[in-house]
Amino acid sequence: MGKAEAGSTKWVANKMKSKGLQRLRWWCEICQKQCRDANGFKCHVQSESHVRQMQVVGEDPRKFINNFSNDFQRDFVSLLRTAHNEKWISSNKFYNEYIRDKEHVHMNATKWPSLTEFVKHLGREGIVHVKEDEKDGLMIAWRDTSIAAVQRKEEIAEQEAAEARSGAGEDKMLKRMAKRAAEEAEAKKAIEAKRAAAAAAAQPKQNPTPPAEGASPQEENKADVSPAEEVKKDGDEPPVAAAPVKLSFGLKAKAAPPNKAGLGQMKSQSIFKRKKDDTVEPKPVKKVKL
């Protein structure tokens, strides 16, 4: 039975079944074929194409093994450099990240029997840093061997050495700085004292005249009073209190005429109780006949 054509229903079904990682024991590295079960792998091994490929490999097996080993190492180190750079990571954890790619080179096709041997090989070659941890086992980290990285590390080492050398004379430098600061403070104080003395000498001295001998206390007080103050005392009169000024900004209410009631005033009598005027003639009384 031949292979399914690309794009056919059977081809799509086979792709869906082979999705994800399969058993490594059913993988053929020479033919780059993944079988789904033991029966499929047995049929593939007995197929004509596989037998022909194995005959080619049998002529020079070391050549093919070295090629697979170089490809595996190149892909492994490249992923380690791009994914984690110089950070430490467990070798088993990183190998699980590496085999996520379905088309990766499998380790059973290389010259290393296990992952531990491969990590030791990378450490001996100086490609990665290797250390052993009690919890995570072997830890690896990529080693940057580029010229720029080497120069940067040398500069950092020189800087650390210079700091270590300067650490011994750091105390002396601090003492020297403290002494210099104290001398500057003393010089400032001396300059301020000289300025204060010069300002005090420049001010005129004022000495009050002593009172005459034998003068009474009243005369001494009069002597203290100036003539202008005496004139003020003689000519001053008791102040007259001014009348307060009243200002009104409103209009005065007009007085109501005497005959008319003012606003708000009630009339003295009701119109019904007023006396009748004498000039008005009384109405004639009608006589009623009985």
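Reply: What follows is a walk through a predicted model, taken topic by topic.

Me: Fine, overall picture first: how many helices and strands are in the protein chain?
Reply: The protein chain has 10 helices and 5 strands. Of its 290 residues, 16% are buried, and the accessible surface comes to about 25800 Å², with 54% of that belonging to carbon and sulfur atoms.

Me: And what share of the contacts links residues 24 or more positions apart?
Reply: Counting contacts in the protein chain with a separation of 6 or more, 45% are between residues 24 or more positions apart.

Me: What holds paired strands together in general?
Reply: Strands of a sheet pair through backbone hydrogen bonds, in either a parallel or an antiparallel way.

Me: Back to this sheet, then: how many bridges join strand 4 to strand 5?
Reply: There are 6 bridges between strand 4 and strand 5 (residues 137-142), and the two strands run antiparallel.

Me: Which residues in strand 5 are the bridge partners of Val-130 and Glu-132?
Reply: Val-130 has Ile-140 as its bridge partner in strand 5, while Glu-132 is partnered there by Leu-138.

Me: Now Val-77. Where is it, and what does it touch?
Reply: Val-77 belongs to helix 4, and, leaving aside residues up to four places away in sequence, it touches Leu-122, Ile-127 and Trp-142. Val-77 and Leu-122 are 45 residues apart along the chain, with their C-alpha atoms separated by 9.2 Å.

Me: Is Val-77 buried or exposed?
Reply: Val-77 has a relative accessibility of 14% and therefore counts as buried, given that the cut-off for that class is under 20%.

Me: Switching to charges: how many salt bridges does a search of the whole structure find?
Reply: The search finds 3 salt bridges. One of these pairs the side chains of Arg-52 and Glu-48, at 3.7 Å from N to O.

Me: Where do Arg-52 and Glu-48 lie?
Reply: Both are in helix 3 (residues 48-59), where they sit 4 residues apart, about one turn of the helix. Glu-48 counts as exposed, at 62% relative accessibility, whereas Arg-52, with a relative accessible area of 48%, is partly exposed.

Me: What about Arg-74, which residues does it meet in salt bridges?
Reply: Arg-74 meets the side chain of Asp-71 at 2.9 Å, N to O, and it also forms a salt bridge with Asp-75, where the closest N and O atoms are 3.7 Å apart. Through salt bridges that share partners, Asp-71, Arg-74 and Asp-75 are joined into one network.

Me: How are Asp-71 and Arg-74 spaced in helix 4?
Reply: Asp-71 and Arg-74 are 3 residues apart in helix 4 (residues 61-83), so about one helical turn separates them. As for accessibility, Asp-71 is partly exposed at 26%, and Asp-75 is partly exposed too, with a relative accessible area of 28%.

Me: Last one. What is phi of Asn-85 near, and where is that residue?
Reply: Phi of Asn-85 is near 55°, which is a positive value in a residue other than glycine. Asn-85 is placed in the loop between helix 4 and strand 3, and at 39% relative accessibility it counts as partly exposed.

Definitions and conventions:
Residues are numbered from 1 along each chain as its sequence is written. This is a predicted model: local features need pLDDT of at least 70, side-chain atom pairs count only at pLDDT 80 or more; totals for chains, interfaces and linings use all residues. Side-chain values use heavy atoms; hydrogens and water are left out. Two strands pair if DSSP finds at least two bridges between them. A salt bridge is a side-chain nitrogen of Lys or Arg within 4 Å of a carboxyl oxygen of Asp or Glu. Buried means under 20% relative accessible area, exposed over 50%, partly exposed in between (1.4 Å probe, protein chains only). Contact means heavy atoms within 4.5 Å. Accessible areas come from the Shrake-Rupley method with a 1.4 Å probe; for residues, only the protein chains shown count as cover.
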